[in-house]
Protein chains: 4
Amino acid sequence: MTLTAEKNQAIDETQAELFQTRRAMSDDLDTVLYEPFKVLDKGFVRVIDYMGNDAAVTQSARVSYGKGTKMLNQDKGLINYLMRHRHTTPFEMCEIKFHVKLPIFIARQWIRHRTANVNEYSARYSILSKEFYIPEPDQLAVQSTLNKQGRGETLNAQESARVLEILRGDSERCYDHYQEMLNEDADENILDENRSGLARELARMNLTMNYYTEWYWKVDLHNLFHFLSLRADSHAQYEIQAYANTMLELVKKWVPLSYEAFMKYRKNATHLSEPATKLVKKLIKGEKISPDEKGMGAREWREFLDQLDLKEDDILLANAA
Amino acid sequence: MTLTAEKNQAIDETQAELFQTRRAMSDDLDTVLYEPFKVLDKGFVRVIDYMGNDAAVTQSARVSYGKGTKMLNQDKGLINYLMRHRHTTPFEMCEIKFHVKLPIFIARQWIRHRTANVNEYSARYSILSKEFYIPEPDQLAVQSTLNKQGRGETLNAQESARVLEILRGDSERCYDHYQEMLNEDADENILDENRSGLARELARMNLTMNYYTEWYWKVDLHNLFHFLSLRADSHAQYEIQAYANTMLELVKKWVPLSYEAFMKYRKNATHLSEPATKLVKKLIKGEKISPDEKGMGAREWREFLDQLDLKEDDILLANAA
Amino acid sequence: MTLTAEKNQAIDETQAELFQTRRAMSDDLDTVLYEPFKVLDKGFVRVIDYMGNDAAVTQSARVSYGKGTKMLNQDKGLINYLMRHRHTTPFEMCEIKFHVKLPIFIARQWIRHRTANVNEYSARYSILSKEFYIPEPDQLAVQSTLNKQGRGETLNAQESARVLEILRGDSERCYDHYQEMLNEDADENILDENRSGLARELARMNLTMNYYTEWYWKVDLHNLFHFLSLRADSHAQYEIQAYANTMLELVKKWVPLSYEAFMKYRKNATHLSEPATKLVKKLIKGEKISPDEKGMGAREWREFLDQLDLKEDDILLANAA
Amino acid sequence: MTLTAEKNQAIDETQAELFQTRRAMSDDLDTVLYEPFKVLDKGFVRVIDYMGNDAAVTQSARVSYGKGTKMLNQDKGLINYLMRHRHTTPFEMCEIKFHVKLPIFIARQWIRHRTANVNEYSARYSILSKEFYIPEPDQLAVQSTLNKQGRGETLNAQESARVLEILRGDSERCYDHYQEMLNEDADENILDENRSGLARELARMNLTMNYYTEWYWKVDLHNLFHFLSLRADSHAQYEIQAYANTMLELVKKWVPLSYEAFMKYRKNATHLSEPATKLVKKLIKGEKISPDEKGMGAREWREFLDQLDLKEDDILLANAA
């Protein structure tokens, strides 16, 4: 992440100004407002604004005339209760606005979350900077054979080198041509220098999908938790996980009690299907499971064992192997 | 609107506290935060929180690293441009949270606007107060004969008196019975005094729809403008107009430039259908319209004349009458 | 549910017509199209239209050029996989449209589900029928002392009789006055008989919340499952459960494989919080739990025991009591 | 658009099957179901399914027990009325599902419309085909100087040739490298042939944004009209206009009355701001406008003249030039 001096100055100036407000505060988040948190090689997440705090959750749950808070213990209990029983509307009463810089192929995953407000940098209107994502070698992995949309083992040094050579080379060349078509190249321009270049809305199609874009993204806390439960998950693509994990840390600063409830009842919770529930009840009684009782396929069975740190040999009847 | 001493105190205490923040401010709105603005006989609108200001609109439109503002004139121009060309996403970057007290039959209209967050006072969990809406006599009007869902002329004094007698009487009686069923009546309770009363989720069904409810309602500026364009409109039911007009004044304090753009390009704008556009082109050329050129039905024609302050006699060919 | 002869005839006529289509079919649902399924004393649920079937789920998951189906077994496996891994978008590719008649206080709960399309009978424009909900005596219960928004034990015969007397009496009287204000009463009208009555948008406020309303409600399968997971749940208010359970049966006819996956992975699944997961792991190992290891409050603990059919005495260390 | 024999066969088979249904029909749309309509060089739009027809709009507006239709004339009048007065919910009662093949940079514009269901071909899971968009030479234009996000004059033959050479060359090379990284290239593969190639979720980032993707996209009629009002507009990017115009023709087949109302009251309607309305009123009275009365900037003024086919000289006071 290399911000221009101009951009850094704009950030610094914005951070320096302090105002007096009657609004609900989150001191820990206010302190890091506008700060860019680096993600991947050139991306970042910045919090631009927020509305509400943990007390705003209880305040709206109580449809309160004042702050809506009682004893810390009661507030914590209420927040846990709301999270546990899927009373989601009070969490919708907090809102956060991010400025995110991210590779386009990740932006395409991200935007599938529709319950958010987004304003993206327009490549119809403006020219994209020459900034593209190149993965770290330890992130270069083969297609997983177990999981059809995941990664398996890491490439060796020689393989990695070739992949990085390709990614860099194509990104460079495509950008050079982008500039040439836009008449923004000092030496080689397609068009007569007295004309504007090819329309930006067309030229942009020549860029590869690792180019960085930027957007303002605003979401309420409930929908952010939903996003994080899917994207800060170990099955999500590494690159979007990196953003989600950074955002999770920022949520912790913002609304520590809600964050804790989220971790306890959502992120680190276990979801047992109907057949899995039956098996667990049996196991708790000290009984073993016969193979024909499993009630689930091979992959689901593997996931079941993983969820509860179980070993097949310990829970299957002897003749099960 | 008669708030209890306890509620007034809670409001006063919340208003008295000041904090330091780095967030975008709207001084004029911050000053009236938490203040209840009276609507109808016992309702109110309070602003509980807000995110962003006019500069936040331009900031996100420019995907800016700083405040995103330039010269006031440029910002104003950009906001007008965005409003005029229906670039709605930058207006979604501002958010506001209201606490509203309103009659249930109005809440039922209001909630049809789905793009908002709402947390309502729960009558499953709590007991509703004895507060019901009684219209002012000058609001009691007959069913309109022109507009199938509007009001016509006002009732006379005797008629009004009877309507108000009915509304008050039924509201009172239903509430007395509500309390009786809940075992909350000192004298007459349905159930043995050692038991709790009828479940609240059931007892509430005996209340009439002019009873007041309360909710926290949070919405982004774009969707609020959409709400206001429909509900601060002269064809909306008077009672919801009253809320919308109060909110419109609060929006003016919050984001004066966006408010101005909204009034100019949306609220006070004129929408001409394809046939109406043709007629206007003719009229501008100084030509008159023959009756068979109208291209619209009687009601639409009346609306067309009203929109442009036209008189039929002035624009129709002589033989048109 | 007593539909007028006219309404029954309209339904019969609509059911009698058959057309030829190339669209995806669900024979079992098509057969009961338009049929009113009775709910509560006078309400109903009718399926008016549907789009897609189980194959449409797999078709969109595979972004297919044909039907998108393979062997039944593979389709079933894919649908289970999608449900298990929260890949919700393929389920959004099916849509269903209901006509529902329901008491207003239940409509107010229902409408909180925002991701649906709704068109309600307008009491600004039309006059509501004299139809109100009266619960069966065995549904009249006291406020629960355990669950602040639930029901406890049932009323005795005498108590029930008084509640029903109140509900009926107030509903009757409010409707008589409604008619009087609307000038629709043969004998007593408020207004001169040459005038229209009080505007309908005003008169309606005098009705109690057990009056029936009607709406068309259209939703995609994913959001319908979300609705059903909350409203066909035993903690939901009985009256809305009654509607949800009727709809669940209709879903079973429509998309049997998706229904089965929903029951297995959502409706009958168990959700274990982080601390509950720890306890389960211990219990499976045959260990007992000491009271200070619980990591949850009294109510949560009770819910935990219920979820897994556990008895406190069996799993707590002896000195735990 | 060159579909493989296999895909064509799948389409043909699906089209050949006919079923009997009780559902609302649209014969003209049913006939072309599944048919790919070519858009751009290799893209298409296919209608996969639909729910409802014009009668379904009036049926839900009337909360009807039967078909909901009356005389054709009344239905037409009602649909026009609903469109004119922005009663949008009845139009939400119709739903349509498309299968669309489109360049990724257009998909990125399209997806900003959030009120739709979408299921996209997954490049994490599958390998993208070698199909990329190359514009027709007459679509290659320079950046507009008037409109910062539009196109100006067309390139000359030599310039076009160079642009097309770049686009083709980079698309080809990037795809070759994509295959090499995936170990799908017969000759040059990065990895040992006994291993799977680079994870697909990574390799895809090397493709340029003119590559085609595919999705199932499902939307209700109201939101489709909103999409079409923005994207079938002459200011939209040519490539997305091409899709929108194809869809508009399909809507005409599906719901001809709603289509007509949309064209009349939305697409071909004129929107006059508050100052523009004032000017129009003056002009109708036969008065001319003095320059300081304009009340709008240069660009807005130009748009105003265009909207009503006015010439500045005809309407400005003589000293205005």
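This is a predicted model: local features need pLDDT of at least 70, side-chain atom pairs count only at pLDDT 80 or more; totals for chains, interfaces and linings use all residues.
In general, two copies of a chain are related by a rotation about an axis and a shift along it.

How many residues of chain D are in contact with chain A? There are 47 of them, and they are in contact with 47 residues of chain A. On the chain D side, the elements giving two or more residues are helix H5 (104-110), strand E6 (141-143), strand E7 (151-154), helix H6 (157-181) and helix H7 (200-203). H6(D) provides the largest share of that side, with 10 residues. Sorted by class, the side of chain D that touches chain A has 22 nonpolar, 12 polar and 13 charged residues. Why do we say that the copies meet through the same surface? Because 100% of the interface residues of chain D are also interface residues in chain A.

Next, chains C and B. Chain C can be laid on chain B by a turn of 180 degrees and a shift of 0.0 Å along the axis, and the RMSD is 0.0 Å. That relation is the one a two-fold axis gives. In chain C, the C-alpha nearest the axis belongs to Thr208(C), 2.0 Å from it.

47 residues of chain C are in contact with 47 residues of chain B. Helix H5 (104-110), strand E6 (141-143), strand E7 (151-154), helix H6 (157-181) and helix H7 (200-203) of chain C are the elements that give two or more residues to the side touching chain B. Which of them gives the largest share? H6(C) does, with 10 residues. The classes on this side of chain C are 22 nonpolar, 12 polar and 13 charged residues. Here 100% of the interface residues of chain C are also interface residues in chain B, so the copies meet through the same surface.

Helix H3 (residues 54-61) and helix H4 (residues 72-84) of chain B pack at an angle of about 75 degrees, with their axes 10 Å apart. Angles of 65 to 115 degrees count as roughly perpendicular, and H3(B) and H4(B) are therefore roughly perpendicular to each other. From H3(B), the residues Asp54(B), Ala55(B), Val57(B), Thr58(B) and Ala61(B) meet Asp75(B), Leu78(B), Ile79(B) and Leu82(B) of H4(B). By class, the residues of this contact divide into six nonpolar, one polar and two charged.

The other pair in chain B is helix H8 (residues 221-231) with helix H9 (residues 238-254). Their axes come within 9 Å and cross at roughly 135 degrees. That makes H8(B) oblique to H9(B). Is the crossing of H8(B) and H9(B) left-handed or right-handed? The crossing is left-handed. Leu224(B), Leu228(B) and Arg231(B) are the residues of H8(B) that take part, and they meet Ile240(B), Gln241(B), Ala244(B), Met247(B), Leu248(B) and Val251(B) in H9(B). This contact has seven nonpolar, one polar and one charged residues.

Last, the H8 and H9 pair of chain D. The axes of H8(D) and H9(D) come within 9 Å and cross at roughly 135 degrees, which makes H8(D) oblique to H9(D). H8(D) passes H9(D) in a left-handed crossing.

Terms used: Residues are numbered from 1 along each chain as its sequence is written. Chains are lettered from A and ligands numbered from 1 in the order in which they are written. Copies are superposed by least squares on the C-alpha atoms of residues with pLDDT of at least 70 in both. Two residues are in contact if their C-beta atoms, placed from the backbone, lie within 7 Å. Helices (H or I, at least four residues) and strands (E, at least two) are DSSP runs, numbered from the N terminus. Ala, Val, Leu, Ile, Met, Phe, Trp, Tyr, Cys and Pro count as nonpolar, Asp, Glu, Lys and Arg as charged, and the others, Gly among them, as polar. Axes are lines fitted to C-alpha atoms, for helices over the stretch in contact, and angles run from 0 to 180 degrees between N-to-C directions. Angles under 35 degrees count as roughly parallel, over 145 as roughly antiparallel, 65 to 115 as roughly perpendicular and the rest as oblique. A crossing is left-handed if the near helix is turned anticlockwise from the far one by less than a right angle, and right-handed if clockwise.
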